Amino acid sequence: MALRHAVLAALLDGECSGYQLAKAFDIGVANFWHALPQQLYAELAKLEKDGLVAGRQVVQETRPNKRLFRVTDAGLAELEEFAAAVSKPSFIRDDLLVKVQAVDHIGIAPVIEQVEERATAAEARIELFGTLLRQMRGAADEEEFLLRGERIGPYLTCMRGLAFERDTRDWCLRISAVLRERRTVHEKR
């Protein structure tokens, strides 16, 4: 997947500025695609040049002018082609896992600390995803929203983000407990 497809998908809810796009990425899209704001601005420029998004200038009196972008018909066709293509399996690439892999031969304390920090970060993301999901579905319960909601794509990706963060938190807590117990056993020897 290219960044262009993630940007196009994020713009499907309507016209937004680069700043709003960066916020959308930070909150929702980041659970499956990470991009820095400068990457997003550069990608918007490429998409506009390729005719996949259209930008327009909005004059503001008390602030600098801003540009708003929306997906064009060509951009929607690009997304349809992307959606029809076979997806590649995802893989994990995480430096913390390298540290855990090497824990038998390196200092254990920093690894425990980093695993616990990751668990704390995951817990914060769990709360964020829970809030986002409640906001998206409003007064509807989840099953009702999934059957009748207007746009469920962002909801479904947030569900995946929530499941990922819960699994990360649970794994980190388990690994922390194992490493702490091993350290205690080894210290008694």
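Author: Here come some questions and answers about this structure, which is a predicted model.

Reader: What makes the largest nonpolar core a core, and how many residues does it have?

Author: To belong, a residue has to be buried, be of a kind such as Leu, Val or Phe, and be joined to the others through side-chain atoms within 4.5 Å. The largest core has 20 residues, and Val 7, Leu 8, Leu 11, Leu 21, Phe 25 and Leu 40 have the most contacts inside it. Helices H1 (3–10), H2 (18–27) and H3 (37–49) and strand S3 (66–71) each supply at least two of its residues. H1 gives the largest share, five residues. There is also a second, separate core of ten residues, including Val 100, Val 111, Ala 119 and Leu 179. As a general point, nonpolar side chains tend to be buried together in soluble globular proteins.

Reader: Which residues does Leu 40 touch?

Author: Not counting residues up to four places away in sequence, Leu 40 touches Leu 3, Val 7, Leu 21, Ala 22, Phe 25 and Ala 35.

Reader: On to charges. Why is the pair Arg 4 and Glu 78 called a salt bridge?

Author: The closest N and O atoms of Arg 4 and Glu 78 are 3.6 Å apart. The cut-off is 4 Å, between a side-chain nitrogen of Lys or Arg and a carboxyl oxygen of Asp or Glu, so the pair qualifies. Arg 4 is in helix H1 and Glu 78 in helix H4 (residues 73–84), so this bridge links distant parts of the chain, 74 residues apart. Arg 4, Glu 78 and Asp 50 are linked in a network of salt bridges, and the structure holds 13 salt bridges.

Reader: What makes Arg 4 and Glu 78 partly exposed?

Author: Partly exposed runs between the 20% cut-off for buried and the 50% cut-off for exposed. Arg 4 has 21% relative accessible area and Glu 78 has 22%, so both fall in that range.

Reader: How do you know that Arg 151 and Asp 13 tie together parts of the chain?

Author: Arg 151 forms a salt bridge with Asp 13, with their closest N and O atoms 2.3 Å apart. Arg 151 lies in the loop between helix H7 (142–148) and H8, while Asp 13 lies in the loop between H1 and strand S1 (16–17), so the bridge joins parts that are 138 residues apart in sequence. Asp 13 has 57% relative accessible area, so it is exposed, whereas Arg 151 is partly exposed at 32%.

Reader: How many residues apart are Glu 144 and Arg 148, which also form a salt bridge?

Author: Glu 144 and Arg 148 are four residues apart in helix H7, so about one helical turn separates them. Their side chains meet at 3.5 Å, N to O. Arg 148 is exposed, at 60%, and Glu 144 is partly exposed, at 37%.

Reader: One last thing: which residues make the nonpolar surface patch?

Author: Ile 92, Leu 97 and Trp 171 make a patch of about 290 Å². Patch residues need over 30% relative accessible area, and Trp 171 is partly exposed at 31%, so Trp 171 passes that cut-off. Trp 171 sits in helix H8.

Technical notes:
Residues numbered from 1 in each chain as written. Predicted model: local features only at pLDDT ≥ 70, side-chain atom pairs only at ≥ 80, totals over all residues. Heavy atoms only, no water. Buried < 20%, exposed > 50% of the residue type's maximum accessible area, 1.4 Å probe, protein only. Contact = heavy atoms within 4.5 Å. Patch = residues over 30% accessible without salt bridge, like charges linked within 9 Å, V, L, I, M, F, W, Y side chains within 5 Å. Areas by Shrake-Rupley, 256 points an atom, 1.4 Å probe, with all protein chains shown as cover.
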